[in-house]
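Please read the following alongside the sequence and the coordinates.

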Amino acid sequence: MDIDFITQILFAAIKTGTPLLLIALGEVVCEKSGVLNLGQEGMMLMGAVVGFLAAYSTGSAGLGIFGAIFMGATMSLIFAFLVLHLNTNQVATGLALTIFGTGLSAFIGSGVVGETIQGFQPIIIPLLSDIPVIGKIFFTHDLLVYISILLAIAIAYVTNKTRIGLILKAVGENPNAANAIGINVLKVRYLAVLFGGAMAGLSGAYMSLVYTPMWIENMTSGRGWIALALVVFASWRVGNIVLGAYLFGLASIMHLVLQGMGWSISSNLLSMLPYVATVIVMVIIGADHFKEKLLAPRSLGKPFNPRQMA
Amino acid sequence: MNHLNNSSNHAQQGRQSQNPQRLSLINITKEYPGCIANDKITMSLAAGEIHALLGENGAGKSTLVKSIYGVVAPDQGDIFWDGRKVIIKSPSVARDLGIGMVFQHFSLFETLTVSENIELCLSKKQLTSIPDLSDKIRQLSRQYGLDIDPDRHVHSLSIGERQRVEIMRCLVQSVKLLILDEPTSVLTPQEVTNLFTVLRQLAAEGCSILFISHKLHEVTELCHHATILRGGKVIATCEPKNETSASIAKMMVGELAEQTAGYAKKQGTDTVFSVNNLSLSPLQPFGTTLKQINFQLQAGEILGIAGVAGNGQDELMSVLSGEDNRSKAETICLENQNIGRFSAGKRRKMGLAYVPEERLGRGAVPEMSLTENTLLTHSEGFVQQGLVQWKKLKDYTSQLITQYSVKCHGERSEAQSLSGGNLQKFIMGREIGQAPKVLICAHPTWGVDVGAALSIHQALLTLRDQGAAILLVSEDIDELFLLADRMAAVCDGYLSPVVQTDNTNINEIGQWMAGTFIDEEQSTMIDTSSTSPTPSQHSKKETQA
Amino acid sequence: MKALPFKLIPTLEARIEPSLIMKISSPILAIFLTLIVGSILFSLLGKDPLHAMQVLLVAPLSDAYNINEMLVKMGPLLLCAVGLAICYRANLWNIGAEGQLLIGALGGSAVALQFVDSSAWFALPLTLIAGVLSGMLWAAIPTLLKLKFNSNLILTTIMFNYIALSLLNWGVHGPLKDPDGYGFPESAMFSEATTLPLLFSEGRAHLGVLFALVLALMTAFLLSKSHLGFQIKVFGSDEAAAKYAGFSSTKLTWIVMLFAGALAGLAGIAEVAGPIGQLVPGISPGYGYSAIIIAYLGRLNPIGTILATLFMAVLYMGGDLAQIELGIPTAVIGMFQGVLLFFLLACDFFINYRLNFNKSNAAYAQ
């Protein structure tokens with residue numbers, strides 16, 4: 001294995017990890033407010049198809065991104081209304097969102113399967129990209145990769161250092177107490193869910209506009225679910241999410257690595273690697289259940305019913 | 001002595017008063033499906049006044065203060081603040097007016113620090129007016145003798161300390177009205193004294209205080225005025241210092257007021273249940289570690305365990321009942337059999353019944369019928385070849401309902417449709433119906449009205465007299481003195497020595513609740529090692545047979 | 001000035017006791033609302049909504065062939081849904097019916113393909129047992145991980161669905177590929193001895209459908225009459241109470257998960273040993289996921305599940321017909337299922353709440 005090969009692999013790991021990073025960043029904010037949205041896969045698929053359709057019909061990838069974000073947020077709004085206003089079960093509602101999004105995306109995208117568009121071009125950052133090895137791995141990506149990292153920094157700052165972050169944490173830990181001291185729990189949760197949806201949409205757009213600039217049914221192949229595992233794995237910490245996303249990215253392209261090293265294993269078997277990796281990760285996190293309980297937002301997945309306060 | 005007030009007359013007083021009250025409520029009404037929680041309630045509070053709001057559970061106290069604090073919107077009626085009509089839509093509106101509230105179950109965030117908890121309560125404007133919040137907390141802490149460290153995480157604080165944080169929240173905002181919902185129910189008697197000192201100091205500075213309680217001696221000691229609610233209505237007002245506990249009790253519960261002179265104490269016979277050197281780490285984050293617990297429970301006695309919530313009672317209960325069966329087999333003994341590893345079901349078959357603290361969501365499944373809830377713990381005789389004999393079970397349940405006068409629509413009623421007291425009577429009846437050798441009973445009359453509490457007490461005493469051993473855990477120290485034949489206290493996972501109730505007093509138990517026995521206990525543990533279940537040094541206090 | 005005797009905007013209020021009528025009628029209301037949304041969608045696409053509904057809902061029941069095909073779809077849907085209904089009753093979020101179905105098919109096929117040239121009487125039972133055991137195994141792994149390592153059941157079962165699909169693809173491309181199949185990713189056709197007998201002289205409805213119905217009825221009986229069924233119900237609705245009562249959560253989790261795995265495995269092997277007749281990559285058009293919706297629509301009750309399966313099978317069949325007759329992609333069915341579950345969840349809200357149009361409460365009027 002030469003250095004060029006490793007460079008290529010790490011470059012690809014970041015590229016493959018970026019959609020996971022985007023969606024997990026949205027989900028972590030959502031979960032910090034105490035809402036578990038299992039509809040990630042559905043929102044991501046809708047983001048992907050709408051992003052692609054918008055870009056395909058207007059010729060502008062930027063409009064595609066915008067459309068995808070809007071779509072993701074709209075999808076999450078359905079979820080938010082059911083879960084926050086009608087107090088439906090978060091798990092069941094999330095599943096419904098995924099099933100709905102999977103079906104609807106396949107339905108509205110059926111006309112453009114196989115079409116291609118001009119995706120995003122890489123932006124080579126001057127000077128930084130000239131650093132040997134590192135420059136190639138980190139500074140020759142497309143715009144969204146850079147944006148995802150900036151977003152990660154921004155989210156880390158807001159959740160850890162600001163009053164908004166404190167309120168988010170308070171609502172996620174004990175919504176009844178937050179309500180009692182005058183925090184508008186529903187508003188905070190709505191905003192958090194919407195942000196999660198927007199990020200899922202953006203992540204979907206990354207798939208259909210950048211990663212493989214085309215639309216195929218179910219093209220996210222479980223990334224929304226993997227992101228959910230990633231958030232737990234990262235103990236709800238943004239720094240860990242960045243690292244974890246790139247690790248998962250690496251796991252997803254392991255088949256390339258193995259083939260590059262001259263192994264010949266059925267590609268069907270290799271394609272299960274990211275899922276197997278996810279299961280292993282979940283076993284590792286679950287084994288330290290006490291720690292997980294300590295770190296998870298206390299009210300995660302539990303409904304908050306202001307009507308029952310009385 | 002006519003305490004009854006004409007409400008319309010009172011209303012006019014409120015409106016036309018020359019010297020406006022800090023807070024006036026006029027005809028506040030709130031109705032829930034099936035019950036009127038507040039029925040035209042009129043009352044008022046002056047600046048610097050400590051006002052008691054008295055009433056039984058279900059009298060409408062909580063609903064009323066939630067209306068004042070903006071958590072509940074009243075259906076009708078007006079609220080006047082400093083003579084001005086206000087609509088308090090949400091807690092944040094209340095906060096802006098200068099109303100602060102200390103909840104019975106605190107509204108604190110365990111994973112945050114004290115100062116973060118306080119910061120969350122402040123508006124941006126308030127926050128900018130305070131240059132350094134931590135300094136401000138330290139300064140107020142000194143001023144009122146509250147002893148709060150702003151940098152500690154709330155999960156590491158005791159219940160008493162947490163209450164002080166809640167009070168500090170209100171102090172930082174310099175509230176003009178402080179509402180306290182049953183603040184003393186979670187404190188040791190000594191902590192209560194300290195709280196009263198703080199409240200008197202605040203009132204002297206002009207802060208109005210609305211003090212909710214059902215402990216009458218506290219009200220007579222502390223409050224200037226009292227408003228008494230019954231069935232959602234203002235039934236009387238009085239000046240507590242001119243009254244006795246008995247006279248106020250009569251206003252609270254009406255004709256039901258029978259002050260029990262106390263029940264006869266009994267001596268137990270043989271030891272049926274014992275706990276030997278039980279130490280266990282908690283299952284839950286922020287739980288309490290149980291430390292070297294020893295006691296013996298005898299047939300025909302009630303052993304009471306006092307303590308402030310969160311000192312290991314929950315952990316102890318689940319270890320004794322078998323919900324948590326991680327402890328060593330020999331640490332728990334039922335009729336000479338080591339049962340530490342046995343599951344709850346197996347222990348129950350051996351004659352160990354358990355009435356847990358949470359009635360709904362543990363003692364009974366909320367959305368299941370009473371018949372199904374009978375089957376929850378009482379399957380003996382109702383299951384044949386794996387199939388449930390529903391007919392027989394229904395008949396038995398109906399019989400339980402009659403026997404324990406459980407008010408409900410019948411055996412089909414869902415557990416959640418029953419009032420707390422009636423559900424407790426049902427659960428108690430179900431557990432007693434299994435003729436247990438040992439009954440473990442946690443907070444049996446918590447949140448229960450006087451009538452139900454009386455019949456629950458009676459049921460416990462009857463069971464004792466039939467020869468069962470009863471372990472009674474309660475935060476209500478008065479109840480323990482009333483029922484228990486022997487007593488002990490828990491603090492920080494340690495159990496104090498066990499004494500005859502007749503040989504102790506509220507002061508000693510109060511000090512034990514605060515942990516004064518712990519050093520002594522630990523040292524004896526080292527002396528006697530783990531072989532002896534009861535440290536001999538305590539024999540002067542132990543007067544067992 | 002006289003005000004209206006009722007409010008224009010109703011207020012929401014909690015019911016004193018949950019409404020039994022809403023509990024039963026909520027699924028019907030949800031179906032009705034879904035159909036309205038569907039009609040609007042078809043109108044927007046320029047199709048006649050009435051005609052579309054006729055194709056979607058009536059045509060599948062219009063002739064013997066269609067009814068037969070509908071029954072064929074009912075088999076796997078019902079088996080998976082009954083298993084999931086019990087899981088959800090026990091509050092175990094098993095999303096893995098799809099994977100358990102695929103592995104059931106794969107495992108069963110591995111046995112069936114040993115009997116391609118045989119007519120042994122035991123070939124079919126052996127094949128079915130292999131399918132059932134494979135499904136159970138696939139459910140057992142996430143169960144074990146949950147009990148031993150506290151791993152999240154939803155995510156592990158989903159992951160095992162993806163892994164199962166990879167394994168199935170590997171099977172049909174590799175070891176189980178028909179050597180005489182011209183390179184197509186398919187196994188050899190099963191022999192008569194490993195094929196489920198047909199129910200009627202015409203059509204493809206097979207013994208597996210009957211299995212499904214009988215199993216659903218048996219499950220219904222056990223759930224309502226047995227102590228085990230009661231324990232499952234308690235365990236699901238209130239874990240603290242189950243613990244208090246002393247029910248073993250480990251035991252219940254194993255029973256429920258293995259049962260669901262067995263049913264899904266049977267669904268898988270019955271598909272390949274029934275209407276399909278060989279192992280192919282596209283065994284299931286998402287039966288395992290649709291079963292989630294069915295379980296909910298059937299109120300997690302096996303009898304309700306039978307009715308809900310009937311509706312869903314009609315919808316599946318209608319989707320196929322709509323593609324042929326109206327040129328609407330079958331993916332529309334997936335979307336309908338999502339909408340249906342949304343509406344169902346929303347309608348369930350009114351089990352515990354109601355809208356009040358009365359001007360004031362009756363108590364005041366007196």
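Residues 1-18 of chain B have a pLDDT that stays under 50, and the model gives this stretch 21 contacts beyond four places in sequence. Here pLDDT is the predictor's confidence in each residue, on a scale from 0 to 100, and two residues are in contact if their C-beta atoms, placed from the backbone, lie within 7 Å. Residues 525-545 of chain B are also below 50, with 21 contacts in the model beyond near neighbours in sequence. Averaged over chain B the pLDDT is 84, and 90% of the residues score at least 70.

This is a predicted model, in which local features need pLDDT of at least 70 and side-chain atom pairs count only at pLDDT 80 or more, while totals for chains, interfaces and linings use all residues. Residues are numbered from 1 along each chain as its sequence is written, and chains are lettered from A and ligands numbered from 1 in the order in which they are written.

Chain B contains 19 helices and 23 strands. These are DSSP runs numbered from the N terminus: helices are H or I with at least four residues, strands are E with at least two. Of its 545 residues, 50% are buried. A residue counts as buried if 20 or more other C-beta atoms lie within 10 Å of its own, as exposed if 12 or fewer do, and as partly exposed in between, with C-beta atoms placed from the backbone. Among the contacts in chain B with a separation of 6 or more, 68% join residues 24 or more positions apart.

One open sheet of chain B has 6 strands in the order S6-S7-S8-S3-S9-S10, with mixed pairing; strands pair if DSSP finds at least two bridges between them. Its edges are strand S6 (99-102) and strand S10 (233-238) of chain B, each of which pairs on one side only. From one strand to the next the twist averages 20 degrees. S6(B) runs parallel to strand S7 (residues 177-181) of chain B and is joined to it by 4 bridges. Across this pair, B:Ile99 stands opposite B:Leu177 in S7(B).

Helix H2 (residues 61-68) of chain B lies across strand S3 (50-55), S6, S7, strand S8 (208-213) and strand S9 (225-230) of chain B, at about 150 degrees to S7(B). Helix H8 (residues 189-204) of chain B packs on the sheet, where it touches S3, S7 and S8 of chain B, and its direction makes about 145 degrees with that of S8(B). Such angles run from 0 to 180 degrees between N-to-C directions, and the axes are lines fitted to C-alpha atoms, for helices over the stretch in contact.

Elsewhere in chain B, B:Thr377 lies in helix H13 of chain B. B:Thr377 is buried, with 24 other C-beta atoms within 10 Å. Beyond its neighbours within four places in sequence, B:Thr377 is in contact with B:Arg348, B:Arg430, B:Glu431 and C:Ala245.

Chain A has 15 helices and 0 strands. Buried residues make up 53% of chain A.

Chain A touches both other chains. 38 residues of chain A are in contact with 37 residues of chain C. H4(A) gives the most to this side of chain A, with 12 residues. By class, the side has 24 nonpolar, 13 polar and 1 charged residues. Nonpolar here means Ala, Val, Leu, Ile, Met, Phe, Trp, Tyr, Cys and Pro, charged means Asp, Glu, Lys and Arg, and the others, Gly among them, are polar. Towards chain B, 15 residues of chain A are in contact with 19 residues of chain B. H7(A) supplies the largest share of that side of chain A, 5 residues.
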